Amino acid sequence: MIGLLAHKKTYENELILETFKKRNLKIEFIDSMEVVNGGKSNHYDLILSRVERDYLFEGIYALKFFESEGLNVINNSETVHTRQNKYLTYL
């Protein structure tokens, strides 16, 4: 099972979910705030991170939780943190 971690079901996230499902891959949306508030689940084989800037700290927290559970994460917490620093530097 693949978990798509984000805060909102944006158009782009919906396209990802739809594309994976068309390819018969099991995927579900994970709201980063649910993870922060204790609604954690570790029945995933892989986490695909789509953390938004407005929810950066919540997203990194959720990613670190999944990483601590030994799950594979695409765009892990370190990557998201580095990317955010580049954005802030640009500003």
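Reader: Which side chain does D31 join in a polar contact?

Author: A polar contact is a pair of N or O atoms within 3.5 Å; within protein, one must be able to donate a hydrogen and the other to accept it, and residues adjacent in sequence count only if both atoms are side-chain atoms. Here the side chains of D31 and H7 are joined by such a contact of 3.4 Å. This is a predicted model, where local features need pLDDT of at least 70, side-chain atom pairs count only at pLDDT 80 or more, and totals for chains, interfaces and linings use all residues. Residues are numbered from 1 along each chain as its sequence is written, and side-chain values use heavy atoms, with hydrogens and water left out.

Reader: Is D31 buried or exposed?

Author: Buried means under 20% relative accessible area, exposed over 50%, and partly exposed in between (1.4 Å probe, protein chains only). D31 is buried.

Reader: Now the rings: how many aromatic pairs are there?

Author: Rings of Phe, Tyr and Trp (its six-membered ring) pair if their centres lie within 6.5 Å; planes under 30 degrees apart count as stacked, over 60 as edge-to-face and the rest as tilted. The count here is two aromatic pairs. Y44 and F66 have ring centres 6.2 Å apart and planes at 85°, so they are edge-to-face. F65 and F66 are also edge-to-face, with 5.2 Å centre to centre and 65° between the planes. Together, Y44, F65 and F66 form one aromatic cluster.

Reader: What is the relative accessibility of F66?

Author: F66 is at 1%, which counts as buried, and F65 is buried too, with a relative accessible area of 15%.

Methods. Lys and Arg count as positive and Asp and Glu as negative; His and the chain ends are not counted. A salt bridge is a side-chain nitrogen of Lys or Arg within 4 Å of a carboxyl oxygen of Asp or Glu.
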